[in-house]
Amino acid sequence: MNGGNSAGGAGPHPAGTAADAGPGAAPVPAGASLAVSDLTAGYGRVTVLHGVSFIAGAGEVLGISGPNGAGKTTLLNAIAGLNPRCSGGVDLNGVHLARHPAYVRVSRGLALVPEGRQIIGSISVRANLELTLMARGRLRPDAEHRARMDQVLELFPGLKNRLRVPGSVLSGGEQQMLAIARALMTGPRVLLLDEPSQGLAPSVVSAVVDALQHLKRSVTIVLVEQNPHVLQMLADRTLTLSLGRIAGLATG
Ligand SMILES: Nc1ncnc2c1ncn2[C@@H]1O[C@H](COP(=O)(O)OP(=O)(O)OP(=O)(O)O)[C@@H](O)[C@H]1O
Ligand SMILES: [Mg+2]
């Protein structure tokens, strides 16, 4: 640990390519480094995050663990631009994003897979994926959208036969895969994942972990997770958050 409430980068990994990510990996853009500095956020008069700083190197999987209420979701939402009471820096490859609203951050390569998935149950799986067209200012699917669709369906083949069904009929595991697929449709360079294993059966957790293993190195991942087994399999380093402050840093 350095400085008590911050964690330095381990030095950026070389940005990955689809070839690095193993056979069958979906080719996605190379990861970017994410620098979070002195991030403070809360709700109303209550401050939940107290000046959190860390760097996730390009291509790194940085785990974040901590007890319920520690501020993990608040942290990811603040990085994504979804917390209105927030100050501090969020830089992607040195580009300052903190003054930009959430939709601009998405267009610059920052994508959030939110806690509880938050897919839209009343529209089809395909329509959930097409929502991301707005992030690129498009109204209709274009060649880029179709190429990304092919990539995410290669990563999550189970969604192929489910494109026409409403999101609400998907199983929990399928909903999680759709939530990750939806984020990948924006072509992220940093993926923020909030408890992807939450509420899933062990076999489904394995499938999600496999998919994230394929993505590893080709996109930077900040992985909030309470399942130590998942962190052990995926994370290069893991920060522990406690009462809105970084309380520890473990490697591996
Ligand atoms: N919308 C909100 N309005 C007011 N307080 C909130 C809101 N969201 C979260 N909080 C409070 O902020 C604190 C941190 O919550 P947060 O959801 O970030 O924690 P967490 O580490 O993600 O917890 P969990 O492991 O349960 O998901 C908690 O005390 C919570 O009650
Ligand atoms: Mg949470």
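Start by selecting α6, where Val205, Val208, Ala211, Leu212 and Leu215 are buried. Look down the helix axis: these buried residues fall within an arc of 120°, so they line one face of the helix. An α-helix has 3.6 residues a turn, so residues three or four places apart point the same way. Keep in mind throughout that this is a predicted model.

Now take in the whole of α6. The helix covers residues 202-215, 14 residues in all. From first C-alpha to last, α6 reaches 20 Å, close to the 20 Å expected at 1.5 Å a residue. Turn to the other side of α6, and you find Pro202, Ser203 and Asp210 exposed.

What covers the buried residues of α6? Select α4 (143-155), α5 (172-184), β9 (220-224) and α7 (228-234), which are included in that cover. Then step just past the end of α6 to Arg217, which takes a positive phi of about 80°.

Most residues other than glycine have a negative phi. Select Arg117 next: its phi is near 70°, a positive value in a residue other than glycine. Arg117 sits in the loop between β7 (110-113) and α3 (125-130). Is Arg117 buried or exposed? Arg117 has 23 C-beta neighbours inside 10 Å, so it counts as buried; the cut-off for buried is 20 or more.

Go on to Leu243, in the loop between β10 (237-242) and β11 (245-251). Leu243 also has a positive phi, near 50°. Leu243 counts as partly exposed because it has 13 C-beta neighbours inside 10 Å.

**Across to Gly66**

Gly66 belongs to the loop between β4 (61-65) and α1. With 22 other C-beta atoms within 10 Å, Gly66 is buried.

Which residues does Gly66 contact, leaving aside its neighbours within four places in sequence? Select Lys72, Thr240, Leu241 and Ser242.

**Around ligand 1**

Gly66 also belongs to the set of residues that surround ligand 1. Which helix gives the most to the shell? Helix α1 (residues 72-80) does, with three residues. Colour the shell by class, and you get three nonpolar, six polar and two charged residues.

**The hairpin**

Select β2 (residues 34-43) and β3 (residues 46-56). The two strands run antiparallel and are joined by seven bridges. Find Val36 and look across to β3: Phe54 stands opposite. Now follow the strands to the turn. β2 and β3 form a hairpin with two residues between them. In that turn, Gly44 has a positive phi of about 55°.

**Zoom out**

Finish with the whole chain on screen. How many helices and strands does it have? There are seven helices and 11 strands. Of its 252 residues, 45% count as buried. Take the contacts between residues at least 6 apart in sequence: 73% of them join residues at least 24 apart.

Conventions: Residues numbered from 1 in each chain as written. Chains lettered and ligands numbered in written order. Predicted model: local features only at pLDDT ≥ 70, side-chain atom pairs only at ≥ 80, totals over all residues. Helix = DSSP H or I, 4+ residues; strand = E, 2+ residues; numbered from the N terminus. Expected span 1.5 Å × (residues − 1). Buried ≥ 20, exposed ≤ 12 C-beta atoms within 10 Å, placed from the backbone. Arc of directions from axis to C-beta. Contact = placed C-beta atoms within 7 Å. Near = placed C-beta within 6 Å. Nonpolar A, V, L, I, M, F, W, Y, C, P; charged D, E, K, R; others polar. Pairing = 2+ DSSP bridges.
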